[in-house]
Every structure is written in structure tokens, then in C-alpha cells.
Amino acid sequence: MNLSENSFEGNIPSSMGEMKTLDLLDLSGNNFSGELPTQFLTGCFSLSLLSLSNNKLQGTIFPKYMNLTNLEWLLLDNNNFSGKIEDGLSEAKFLYSLDISNNVLSGHIPDWIGNLSDLSILLMSKNFLEGNIPVQLNKCRDLQTLDVSKNRLLGSMTSSFNLSSAYHLYLHNNQFNGKIPSALLKSSQLITLDLRYNKFSGSIPHWINESSSLRILLLRGNNLEGHLPKQLCQLRELSIMDISDNKLNGSIPGCFTNIRLWTTPMQKSDYSQFKFWEFYGRYDYDSYYSNATLQLANSEVEYRPSGQQEIPFMTKYRYEAYRGTILSSMTGLDLSCNELTGDIPPEIGNLQELRALNFSHNFLSGSIPRGFSNLSMIESLDLSHNKLSGQIPSQLTELHFLSNFNLSYNNLSGPTPNAGQFANFDERNYRGNPGLCGPTIDKNCTGLLDSPHNRIW
């Protein structure tokens, strides 16, 4: 029974509880309100898929008298359910996917979730959940996707967290502290690790699996210290890495050229192996009518979610959410807002497939490598707020896709390039460099170029 994406309103009728053999029910995308009727939660005990997403439902979630033990898919996201999570779902042993994100739930994540042995997708983001992730969750050996982002979770995860089966972990915007569990970077199958905006401290773990499948590493906005470990270069399948807004020091490793997707064009096999789960949306199934009776082809229902995973990444001065095929082809490195020192390694110029590079707000010195002209796919390059000196390499005019460029507040000197893409840049891209000159910043180079520091050899 599919009544989704209509304008139904009011309470869900309690008489629906009389449909004791109903297998699939989708009421998502309506304006239903009120609490779920007791008769509905006890009478529809044959349900394997229940979608109530995107309504205005409220009240307790999973009351003790709930009797939906055959559920495999339960989607209650984007409603107004509130209060603590009770244990009325604890006997749903076949549950594969549970989405209760974007509600008003509070209290702790219950221990009984660890007893759902078939659970593969658990989405609990955008609530007011407190405490830590229960250690019992480690018993979910098939859990592939966990999203508990944007809650009030806290505490250390070092000793208790070990989801060896996980492909995607979203723990961002909480208050987790202590060291990042080394088990996360030892995993060979983890694809997405999002720990942004927590209170993790200490150094980035050095123990990294050389067979890692990690494609997305987001550590922005923590209290990480120490050097960037060269072991990060072992993440050969990485496409996006954001370690900005921490307290990292030391130099930038030159071994990032080991990361395959930053140096060689992406192949078709890379897209097919990009296992980004598309969790949200509606089910769909092949069906046909025969003698006015709805038959399900092969008696199977295939869940084909319409929504897509989103990965936020700062580029072109905006915090963009990348999804779908655009996400699959996006590559970026953001080390901004740290305390990094030393020269920019010339090897960075060999990252020909990188689309966004941000080293701004550090203490980097030396000159801009001429090899940056090899960043042939670069669209956004930000080196502002450092201590870079010397001239801007004229070879950078070969960067034909460059649309966002910032060298502000360094110690650069000499003429600014004005060919190709650089004809579109102006004083806003160069401010805070009194030694620069040229028509793009409306400053005459006569006299300035006679200085020994600015002389072109």
C-alpha cells in the first residue's frame, strides 16, 4: 500500500491495524500528525517495510507494546517524535535498516540495538541524543552505515569503538573527545570517515592499513596536534581529505603523490567501486495487475532509494555539499587553518587530478612551486594568509580550469600574471602583498621591478 507524496493530514487511522497481512506500507511525504495509534503498532504485525518519513508525527518512539517484529525497513525520519527511545523494537530481529534522523529524540542510544544482528543501516542524526555510543553496537557484525551526527554525544571512543564491518561512519558535530580510535584507520573496507567538529585531540593515528579503501577523510574542526603523518600517503584510494581547523604543525609531506586518484584520471571501475550508499527515499518494485489483484514480481521488493549521500567540502569560498556522480569525481585536499611550516613541497604540483587545494591560514614559507602549473584539473587554489615570498610563477596561466584563486596576505612581489584565467582576477585575489604590481591590481610595476627582490632573471 503506497500513499506517499500526497497531502493527507490528520491522524493515521487506528483501523489500519486491522490489516494484519499487510507487508509494505508507505505513508511518507504527507502531513500526518499526532501519535501512532496503539492498534496500528500492534495489529500490523506482518509489516516488513514501514515508511512514515517526512510527516508531522509526534509522541513516543518504539513504545513497549509495539509488536512489529517482522520489520526489515523502518523509516521514521523527518518527524517530531520526542522523548527517550524505548525498547518496543528490541524484538525486531530481521531489521536491516532503521532511520530515525531529524526528530526531537533525547536520552541515550539504547543498548538493545546491539542485539539486532541483521542491522546494516542505522541513521540517528539531527536529534538530541546524549552519552556515548554503546559498546553493544560492536555486536552488529553487519552494520555497514552508522550516522549519529549532529547530536550531543560525548566521551572517549578509544577502547570501546570497533565496527569492523563499517563502510560509512558519520560522527560529526558531537562532542567526542580523546584520541581518534586507531581501529578506524586500520580498517580495510571503511570508505567514509567523518569526524568533523568534535573535540578529538592528540595526533592523527600512524597505524594505517596499506590496503585501505578509504575515499573520504574529514577531520575538520577538532583539536588534533603534532605532524601530518606520512602514513596518510598510504591511503591510495583517497579522493577528499579535509584536516583543516586543527593545531597541526610541521611540514607538508611530499608523498601525497602516492594517492592514486590525485595523480591519475579516474577509471570506470573507480565509479563502480565507489560504494556510496543511497539511504533515503522511496521503495520501488516491479508489479503487474492480473485479475484486479496486485502481484509482486518474483515476490520480491527491491528498495531503490532516491536520495543520495552528501559530503560537505569547502571549495571556491563555499561549503558545498557534493552528491551523486559529482561526488564520485570530486577530489580535494584542505589543510587550512593549522600551524604548518616550511616550504610547499614541489611534489604537490604532480597532483594533476586535484580539483581543490587549500593551504591557507598557516605559516608556510618559501616560494610558490613552478610545478603548480601541472595542476591541470585545479578549479580552486587558496594559499592566502601564509608567509610565501618571491614571484608568482608565470606558468600558472596554464591552469585553464582555475576559477577561484587567492594569494592574499603573503610576502609576494613582482608582476601578477594577466593571461588566460588570470585576466579575470583582481586586487581581491592579491591583497596584503605590497610588493605585487600589474594591470590586474591597477598598480604600475615601474620602479618596483628595479628592486633586487623583484628583478626578473
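Start by selecting Lys126, which sits in the loop between β10 and β11 (128-131). Strands here are DSSP runs of E with at least two residues, and helices are runs of H or I with at least four, numbered from the N terminus. This is a predicted model, in which local features need pLDDT of at least 70 and side-chain atom pairs count only at pLDDT 80 or more, while totals for chains, interfaces and linings use all residues. Residues are numbered from 1 along each chain as its sequence is written, and side-chain values use heavy atoms, with hydrogens and water left out.

**Two lysines with positive phi**

Stay on Lys126. Its phi is near 55°, a positive value in a residue other than glycine. Most residues other than glycine have a negative phi. Is Lys126 buried or exposed, or does it fall in between? Lys126 counts as partly exposed, at 42% relative accessibility. The cut-offs: buried is under 20% relative accessible area, exposed is over 50%, and partly exposed is in between (1.4 Å probe, protein chains only).

Next, select Lys150. Look in the loop between β12 (145-147) and β13 (152-156). Phi of Lys150 is also positive, near 55°. Lys150 is partly exposed, with a relative accessible area of 40%.

**The loop between β5 and β6**

Move to Glu72. This residue is in the loop between β5 (56-61) and β6 (73-75). Glu72 is partly exposed, and its relative accessible area is 37%. Together with Glu72 they gather in a patch of negative charge on the surface. Patch members have over 30% relative accessible area and no salt bridge; like charges are joined within 9 Å, and nonpolar side chains (Val, Leu, Ile, Met, Phe, Trp, Tyr) within 5 Å. Asp and Glu count as negative, Lys and Arg as positive, and His and the chain ends are not counted. Each charge is placed at NZ of Lys, CZ of Arg, CG of Asp or CD of Glu. Areas come from the Shrake-Rupley method with a 1.4 Å probe.

Select Leu71, in the loop between β5 and β6. Leu71 is buried, with a relative accessible area of 0%. Leu71 and Ser48 are 23 residues apart in sequence, yet their C-alpha atoms are 4.0 Å apart in space.

**Aromatic pairs**

How many aromatic pairs does a search of the whole structure find? The search finds nine. Rings of Phe, Tyr and Trp (its six-membered ring) pair if their centres lie within 6.5 Å; planes under 30 degrees apart are stacked, over 60 edge-to-face, and the rest tilted. Select Phe62 and Trp112. Their ring centres are 6.2 Å apart and their planes stand at 70°, so the pair is edge-to-face. Phe62 lies in the loop between β5 and β6, and Trp112 in the loop between β9 (104-108) and β10 (121-123), so the pair ties together parts that are 50 residues apart in sequence. Phe62 and Trp112 are both buried.

Now jump to Phe405, Phe422, Phe425 and Tyr430. Ring pairs link these residues into a cluster.

**Salt bridges**

Across the whole structure, a search finds eight salt bridges. A salt bridge is a side-chain nitrogen of Lys or Arg within 4 Å of a carboxyl oxygen of Asp or Glu. Select Arg196 and Asp194. Their side chains meet in a salt bridge at 2.8 Å, N to O. Arg196 is buried, with a relative accessible area of 4%. Asp194 is buried too, at 1%.

Go on to Arg220 and Asp242. This salt bridge is 3.0 Å, N to O. The pair links distant parts of the chain: Asp242 is in strand β20 (residues 240-242) and Arg220 in the loop between β18 (216-218) and β19 (223-227), 22 residues apart. Asp242 is buried, with a relative accessible area of 0%. Arg220 counts as buried at 8% relative accessibility.

Asp334 is in strand β26 (residues 332-334), 114 residues apart from Arg220. Asp334 is buried, as is Arg220. What joins Arg220, Asp242 and Asp334 into one network? Salt bridges that share partners do.

**Last stop: strand β20**

Select Ile240, in strand β20. Ile240 is buried, with a relative accessible area of 0%. Finish with Thr192. Ile240 and Thr192 are 48 residues apart in sequence and 9.7 Å apart in space, C-alpha to C-alpha.
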